[in-house]
Amino acid sequence: MTDAPDDTPARCPAEAAEAAGTAEAAAADEAADAPCAAAARLCPGGEGQVSHAIARVARAHRITAGNLLRRLGLHAGQELLMMRLWEAGPQRQSELIKLLGLDPSTVTRMVQRLEQAGLVTREPCAADRRAVVVATTGAGEALRQEVGRVWQELEERTLAGLGEEDRSELARLLAHLEDNLTGC
């Protein structure tokens, strides 16, 4: 195996796995768990270092979530839609689009895939036949605890090595950054 030329930006294993399409779940799991110190070189000038770090962490978090959810037959993002349905019950698809903040076509494809997997149903709304109501099935309800365990594992991996004080401070800082970016 040869080293990358000096002018080639280094990729951390998680980025390499995503670029390769994460074909091998085990390899992608291992890649997402590996340290990504080399990725810091992708932003060597110091400009936007925090923004770049946030982007790298978000990408690694999403890859890890996807790898964990794959065990349940879900893709990253689908669990958020399911969580909303578990929490609030059947919802109009238009409401799910607003709540998830995603493009309507993305949510439509997501709902279609979940329906094909037998996890949700779609039916016309009784009050407005133009609207579609999405509800979980028995199989979808059965995933609730498993998704909870996956999210707990994701949380543990993400926060490994941080004490309670650091975890609280991180949550506070992330909420502040979110407020800055959403205008709240």
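Reader: In which helix does Ala65 lie?
Author: This is a predicted model, where local features need pLDDT of at least 70, side-chain atom pairs count only at pLDDT 80 or more, and totals for chains, interfaces and linings use all residues. Residues are numbered from 1 along each chain as its sequence is written, and side-chain values use heavy atoms, leaving out hydrogens and water. Helices (H or I, at least four residues) and strands (E, at least two) are DSSP runs, numbered from the N terminus. Ala65 falls within residues 49–70, which make up helix α3.

Reader: Is Ala65 buried or exposed?
Author: Buried means under 20% relative accessible area, exposed means over 50%, and partly exposed lies in between (1.4 Å probe, protein chains only). Ala65 has a relative accessible area of 6%, so Ala65 is buried.

Reader: How far apart are the C-alpha atoms of Ala65 and Trp151?
Author: Along the chain, Ala65 and Trp151 are 86 residues apart.

Reader: What does Glu79 contact, apart from its neighbours within four places in sequence?
Author: Glu79 sits in helix α4, residues 78–88. A contact means heavy atoms within 4.5 Å. With those sequence neighbours left aside, Glu79 touches Leu69, Leu74, Val147 and Trp151.

Reader: Which side chain of opposite charge is nearest to Glu79?
Author: Lys and Arg count as positive, Asp and Glu as negative, while His and the chain ends are not counted. A salt bridge is a side-chain nitrogen of Lys or Arg within 4 Å of a carboxyl oxygen of Asp or Glu. Glu79 is buried but has no salt bridge. At 6.8 Å, the nearest side chain of opposite charge is that of Arg62.

Reader: Which backbone nitrogen does the side chain of Glu79 reach?
Author: The distance is 2.7 Å. The backbone nitrogen at that distance from the Glu79 side chain belongs to Gly77.

Reader: How many salt bridges does the count come to?
Author: Side chains of opposite charge can pair when their charged atoms come close. By the 4 Å rule, the count of salt bridges is six.

Reader: How many residues apart in sequence are the parts that Arg71 and Glu153 tie together?
Author: Arg71 and Glu153 form a salt bridge, with their closest N and O atoms 3.2 Å apart. Arg71 lies in the loop between α3 and α4, and Glu153 in helix α8 (residues 144–159), so the parts they tie together are separated in sequence by 82 residues.

Reader: Which residues are linked with Arg71 in a network of salt bridges?
Author: Arg71 is exposed, at 52% relative accessibility. Glu153 is partly exposed, with a relative accessible area of 24%. The network joins Arg71 with Glu153 and Arg157.

Reader: In what order do the three strands form the open sheet?
Author: Two strands pair if DSSP finds at least two bridges between them. Strands β1 (residues 91–92) and β3 (residues 132–136) run antiparallel, joined by two bridges. Strand β2 (residues 120–124) also runs antiparallel to β3, with five bridges. The order is β1-β3-β2.

Reader: What is the bridge partner of Arg92 in β3?
Author: Arg92 also meets Asp128 in a salt bridge at 4.0 Å, N to O. Arg92 lies in strand β1 and Asp128 in the loop between β2 and β3, so the pair ties together parts 36 residues apart in sequence. In β3, the bridge partner of Arg92 is Val133.

Reader: What percentage of the chain's residues count as buried?
Author: The chain has nine helices and three strands. Out of its 184 residues, the buried share is 28%.

Note on methods
Polar contact = N/O pair within 3.5 Å; in protein donor to acceptor, adjacent residues only side chain to side chain.
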